[in-house]
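Visitor: I'd like a close look at just one part of this model, please. Pick a spot and take me through it, then carry on into whatever is built around it.

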Amino acid sequence: MKNKTPIVLPELNNAAEPKVLLHCCCAPCSSAILEWCENNHIKPTVFYSNSNIFPHTEYFHRLNEIKNFLLQRDIDFVEDTYDHDLWFEHIKGLENEPERGQRCLNCFEFRLKRAALYAAQHSYNVLATTLASSRWKSLEQIASAGQRAVESVAEISKVVFWNQNWRKGGLQERRNSLLKEYGFYNQQYCGCEYSMRSSRSILKADI
């Protein structure tokens, strides 16, 4: 597949080669992006850091989906520690925020800061995330969280946030095609118990 989305890699100091750590949230959101990277001669390492996902069985369901997909494509994979209690500390007091509210921003920052720290400690100079592929999420929040994440590790290493809009250039359509082709489990909520509540409200309103 030839995607129309242009490669807009961030500028790196001293013309360094990009070594990309791609934070991935799930197989459906990641598949078209990883295919696009492969077609454009970019081989990222996938970093799975999603302590927001609830319940634990849901976390493992999504984890196994993406691991199976990566195995077929020979893509390196790193799983972060799952710690829902620690994640909760970062969104505490924001339980009743709507989707795309402050809770979501805090959630993105929590996960991307963990990804940025791993990148800084393991010589990656570019951090990206598949969160920017979902039409249900705020691109502005993701860009802000990504920038704050790389700034949080600036004293350790120079990591640049790759602020790419993964919804354009036919990638959304390709995502839907790959979802059917691979028979991915297509979750109906972002991940946390609060997004589950919001999703159920939307579904009820559509009935």
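Guide: Asn52, Trp87, Glu99, Arg103, Cys104, Cys107, Phe108, Cys190, Cys192 and Ser195 line the largest cavity. A cavity here is a set of points, on a 1 Å grid over the protein atoms alone, where a 1.4 Å probe fits but cannot get out, and a lining residue has an atom within 4 Å of a point. Keep in mind that this is a predicted model, where local features need pLDDT of at least 70 and side-chain atom pairs count only at pLDDT 80 or more, while totals for chains, interfaces and linings use all residues. Residues are numbered from 1 along each chain as its sequence is written, and side-chain values use heavy atoms, with hydrogens and water left out.

The space inside comes to about 70 Å³, taking volume as what is filled by probe spheres set on the points, with grid points joined across faces, edges and corners. Searching the whole structure turns up 2 cavities of 30 Å³ or more.

Helix α4 gives the most to that lining, with 4 residues. (Helices are DSSP runs of H or I with at least four residues, strands are E runs of at least two, and both are numbered from the N terminus.) Of the 20 residues in α4, 14 are buried, meaning under 20% relative accessible area with a 1.4 Å probe and protein chains only; exposed means over 50%, and partly exposed is in between. Just past α4, serine 123 takes a positive phi of about 65°.

Back to Asn52 from the lining: histidine 41 is 11 residues away from asparagine 52 in sequence, yet 31 Å away in space, C-alpha to C-alpha. Histidine 41 sits in the loop between α1 and β2 and is exposed, at 77% relative accessible area.

β2 pairs with β1 in the parallel sense over 3 bridges, where strands pair if DSSP finds at least two bridges between them. Leucine 21 stands opposite threonine 45. β2 also pairs parallel with β3 over 3 bridges, and tyrosine 48 has glutamate 79 as its bridge partner there.

Zoom out, and you get an open sheet of 5 strands, ordered β3-β2-β1-β4-β5, with parallel pairing. β3 and β5 are at the edges with a single partner strand each, so one side of each has no neighbour in the sheet. Over at β5, leucine 127 faces phenylalanine 161.

Two right-handed β-α-β units share β2: one runs β1, α1, β2, the other β2, α2, β3. Right-handed means that, with the strands pointing away from you, the path from the first strand over the helix to the second runs clockwise. Within α2, glutamate 58 counts as buried at 9% relative accessibility. Leaving out residues up to four places away in sequence, glutamate 58 touches Ile53, Tyr185, Gln187 and Tyr189, with contact meaning heavy atoms within 4.5 Å.

Conventions
On a 1 Å grid over the protein atoms alone, a cavity is a set of points where a 1.4 Å probe fits but cannot get out, and a pocket is an open set with protein on both sides within 12 Å along at least five of seven lines; lining residues have an atom within 4 Å of a point.
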